[in-house]
Amino acid sequence: MEFFMQQLINGIALGSLYALTAIGYSLVYAVLELINFTHGTMYMVGAYLFYIFVSLCGLPFFPAFLLAIFLTGCLGYLVERYTLRPLRKKNLPKFTALICTIGVSIVIQNVMLLFLGSETRQYPTLFDGKYITVATANISYIQIFVILMSVLLMVALTLFIRNSRTGMAMRATAQNSQATELMGIPVDRVVGLTFFFGAVLAAVSGIFACMIFRSVNLSIGVTTGNKTFAATVLGGIGELSGAVLGGLLIGIVETMTAGYISSSMRDIAAFVVLVAVLICRPCGLLGKPVRKKV
């Protein structure tokens with residue numbers, strides 16, 4: 001029972017990070033019906049920027065954190081503004097934009113490789129070595145901090161989308177972008193802000209994850225991007241609550257598999273669960289069937 005509780009807590013901490021990243025995937029898909037494959041790269045870029053500001057530039061944690069997520073958000077906006085928006089203006093098929101995001105992701109990864117190298121680096125963290133014991137399970141302070149911050153950000157984003165003018169514009173654009181534009185709402189600006197917020201969420205998740213694992217390298221974006229995409233599809237792509245549920249499930253399944261079966265099977269287990277759920281529910285756990293207009 002002790003081991004189970006420990007793995008469950010680890011799974012919730014990891015799953016909350018997956019959920020935070022998966023929300024960014026769902027946010028972009030809900031507005032554009034586009035899978036943004038630069039999302040995992042933003043996760044890596046945000047983590048590396050924080051490392052550079054703290055370890056190489058000597059900035060305090062909080063200013064470095066804000067600067068890292070802001071710059072990553074700006075990068076996400078620039079990707080949409082200068083690579084995806086021209087394709088959208090020409091009314092090209094959506095798979096063109098999909099391929100474009102893959103290409104941009106590869107370019108950014110190779111630029112990072114050129115300047116930073118491929119070695120794994122030790123990552124700065126908060127509350128180093130501090131933990132509490134609850135019901136025989138050890139919970140580190142950084143895990144508690146990450147879970148609380150993830151929940152806070154998810155709630156704040158939900159309230160923002162439901163109640164703010166920008167959030168309402170996002171929901172309107174997701175419903176019908178052409179009608180939204182006819183009503184005077186600047187759709188391009190809304191889409192740009194969506195990519196900005198998605199990149200910010202990815203950066204926050206990347207920073208917190210690297211704080212927990214105490215290391216960073218260029219491959220973290222690819223690995224986490226694949227898993228969070230699986231979490232998004234598992235919960236129901238385009239559904240923010242589905243992204244949260246999918247992320248938590250993937251995180252718990254991973255840690256339980258690593259603890260009870262083998263650590264080498266943890267990555268496989270997440271996708272086995274995804275396939276099993278999609279066979280029963282092709283639209284995901286909380287997804288709804290889409291009716292095509294003819």
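Me: Hi! Is F271 buried, exposed or partly exposed, and what is its relative accessible area?
Reply: Hello! F271 has a relative accessible area of 32%, so it counts as partly exposed. Keep in mind that this is a predicted model.

Me: Okay, and which helix is F271 found in?
Reply: F271 belongs to helix α11.

Me: How far apart are the C-alpha atoms of F271 and A231?
Reply: Their C-alpha atoms are separated by 9.1 Å, while along the chain the two residues are 40 residues apart.

Me: What about V272, buried or exposed?
Reply: V272 counts as exposed, because its relative accessibility is 51% and the cut-off for exposed is over 50%. V272 also lies in helix α11.

Me: Which element gives the most to the lining of the second largest pocket?
Reply: That would be α9, with four residues.

Me: How do the residues of that lining divide into nonpolar, polar and charged?
Reply: In the second largest pocket, nine lining residues are nonpolar, five are polar and three are charged.

Me: New topic! How many cavities of 30 Å³ or more are there?
Reply: The count comes to one cavity of 30 Å³ or more. About 30 Å³ of space lies in the largest cavity.

Me: Which residues line the largest cavity?
Reply: You can look for V28, N36, H39, M42, G76, F195, G198 and A199 around the largest cavity. Both α2 (39–56) and α8 supply at least two residues of this lining, and the largest share, three residues, comes from α8.

Me: Last one: how does the lining of the largest cavity divide into nonpolar, polar and charged?
Reply: The largest cavity has four nonpolar and four polar lining residues, and no charged ones.

Definitions and conventions
Residues are numbered from 1 along each chain as its sequence is written. This is a predicted model: local features need pLDDT of at least 70, side-chain atom pairs count only at pLDDT 80 or more; totals for chains, interfaces and linings use all residues. Side-chain values use heavy atoms; hydrogens and water are left out. Ala, Val, Leu, Ile, Met, Phe, Trp, Tyr, Cys and Pro count as nonpolar, Asp, Glu, Lys and Arg as charged, and the others, Gly among them, as polar. Buried means under 20% relative accessible area, exposed over 50%, partly exposed in between (1.4 Å probe, protein chains only). On a 1 Å grid over the protein atoms alone, a cavity is a set of points where a 1.4 Å probe fits but cannot get out, and a pocket is an open set with protein on both sides within 12 Å along at least five of seven lines; lining residues have an atom within 4 Å of a point. Grid points are joined across faces, edges and corners, and a volume is the space filled by probe spheres set on the points.
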